[in-house]
Amino acid sequence: MTIHGSCLCGGVAYEAEGPVETMNHCHCSRCRKAHGAAFVTFAWVPADRFQWTKGEELIQAFAGLSPFPRRFCRICGGNLPTIMGDQVKMPAGSLDEDPGARPSFHMFVGSKAAFHEINDDLVAHNEYPPELMEKSEE
Amino acid sequence: MTIHGSCLCGGVTYEVEGDLDLMINCHCSRCRKAHGAAFATFVSAPTERFSWTKGEDLIESFAPEGRGARQFCKVCGSNLPAVFGDRVNLLAGSLDDDPGIRPAFHIFAGSKAAFHDINDDLVAHDEYPPEWMEESS
């Protein structure tokens with residue numbers, strides 16, 4: 001299954017060979033700022049199954065304090081995938097189709113927006129899930 | 001009460017004086033694309049109480065024909081408020097403070113993302129609420 005994604009103006013497009021390995025919601029303050037949303041849902045695939053298919057020259061990157069720059073379309077501002085070493089996280093809102101996967105957990109709920117309540121039964125981690133913390137220390 | 005907002009890099013800031021009128025969640029396909037999120041939460045205020053306080057030169061607009069403009073910071077890409085005549089739509093995710101107000105209803109739930117379930121008790125309109133449709137017709 002090939003999963004397609006694009007920005008609002010259609011200038012930038014990408015695709016990933018499925019399946020999506022993980023989908024999660026992030027409530028951290030930086031994601032909320034960057035996306036102007038209550039939280040952001042990401043779909044993860046290995047980087048070797050991801051590629052830009054159109055408009056790579058329209059992509060603007062912003063690193064800030066992170067080692068992994070956030071990307072957006074400089075024409076429409078649509079938020080685009082972030083390449084994090086051997087993994088890519090795709091903002092689920094930029095996907096063109098149902099990715100099949102469903103969110104399995106929340107992270108950074110310790111800093112979630114005051115105006116947003118979490119009303120589902122998914123595991124809600126205050127920061128990263130413990131298994132991701134261990135991975136990043138390796 | 002003054003409510004402050006800013007983009008991720010802090011290059012653009014804004015403020016709104018006084019209480020906010022309405023907060024809604026929009027699930028339309030265009031908001032989902034622009035925000036890369038399951039839905040976008042908007043807060044509405046009268047334009048006369050809104051002002052940019054820093055970095056107006058960093059704001060980029062995207063305004064396809066026949067549609068309202070969307071704005072973002074050209075440095076960090078963060079979505080920013082857009083002015084529509086006498087109203088301004090603030091993106092709740094860009095607010096620095098708790099705006100006090102909470103979402104009142106969902107719009108465009110009829111085109112919501114397949115991966116997202118609406119799990120609260122708010123009214124979920126398939127498109128715009130009927131009273132808005134009447135106003136615009």
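Here is a friendly chat about a predicted model, covering the interface of chain B and chain A and then parts of chain A.

Visitor: How many residues of chain A are in contact with chain B?
Guide: Happy to start there, and remember that the model is predicted. Chain B brings 44 residues to the contact.

Visitor: Which residue of chain A meets B:K33 in a salt bridge?
Guide: Across this interface the rule finds 2 salt bridges. For B:K33, the N to O distance is 2.4 Å, and a salt bridge is counted within 4 Å, so the pair qualifies. The partner is A:D96.

Visitor: Which helix or strand of chain B gives the most residues to the side that touches chain A?
Guide: The interface also holds 11 residue pairs in polar contact. Strand 1 (2–6), helix 1 (29–35), strand 6 (59–62) and strand 7 (70–73) of chain B each supply at least two residues of the touching side. The top giver, with 5 residues, is helix 1.

Visitor: How many residues on that side of chain B are nonpolar?
Guide: The side of chain B that touches chain A includes 10 charged residues and 13 polar ones. The nonpolar residues number 21.

Visitor: Is A:H25 buried or exposed?
Guide: A:H25 lies in strand 3 (residues 22–26) of chain A. Its contacts beyond four places in sequence include A:F39, A:P103, A:F105 and A:L122. Its relative accessible area is 4%, and the cut-off is under 20%, so A:H25 counts as buried.

Visitor: Which side chain makes a polar contact with that of A:H25?
Guide: A:V40, A:T41 and A:M107 are among the residues in contact with A:H25. The polar contact between side chains has a distance of 2.8 Å. The partner of A:H25 in it is A:T41.

Visitor: Which strands are the edges of the open sheet in chain A?
Guide: This sheet has 6 strands with mixed pairing, in the order 9-10-4-3-11-12. An edge strand here pairs on one side only. The edges are strand 9 (82–84) and strand 12 (123–124).

Visitor: Which residue of strand 10 stands opposite A:W44?
Guide: Strand 4 (residues 40–46) and strand 10 (residues 87–91) of chain A pair in the antiparallel sense over 5 bridges. Opposite A:W44 stands A:K89.

Notes
Residues are numbered from 1 along each chain as its sequence is written. Chains are lettered from A and ligands numbered from 1 in the order in which they are written. This is a predicted model: local features need pLDDT of at least 70, side-chain atom pairs count only at pLDDT 80 or more; totals for chains, interfaces and linings use all residues. Side-chain values use heavy atoms; hydrogens and water are left out. Contact means heavy atoms within 4.5 Å. A salt bridge is a side-chain nitrogen of Lys or Arg within 4 Å of a carboxyl oxygen of Asp or Glu. A polar contact is a pair of N or O atoms within 3.5 Å; within protein, one must be able to donate a hydrogen and the other to accept it, and residues adjacent in sequence count only if both atoms are side-chain atoms. Helices (H or I, at least four residues) and strands (E, at least two) are DSSP runs, numbered from the N terminus. Ala, Val, Leu, Ile, Met, Phe, Trp, Tyr, Cys and Pro count as nonpolar, Asp, Glu, Lys and Arg as charged, and the others, Gly among them, as polar. Buried means under 20% relative accessible area, exposed over 50%, partly exposed in between (1.4 Å probe, protein chains only). Two strands pair if DSSP finds at least two bridges between them.
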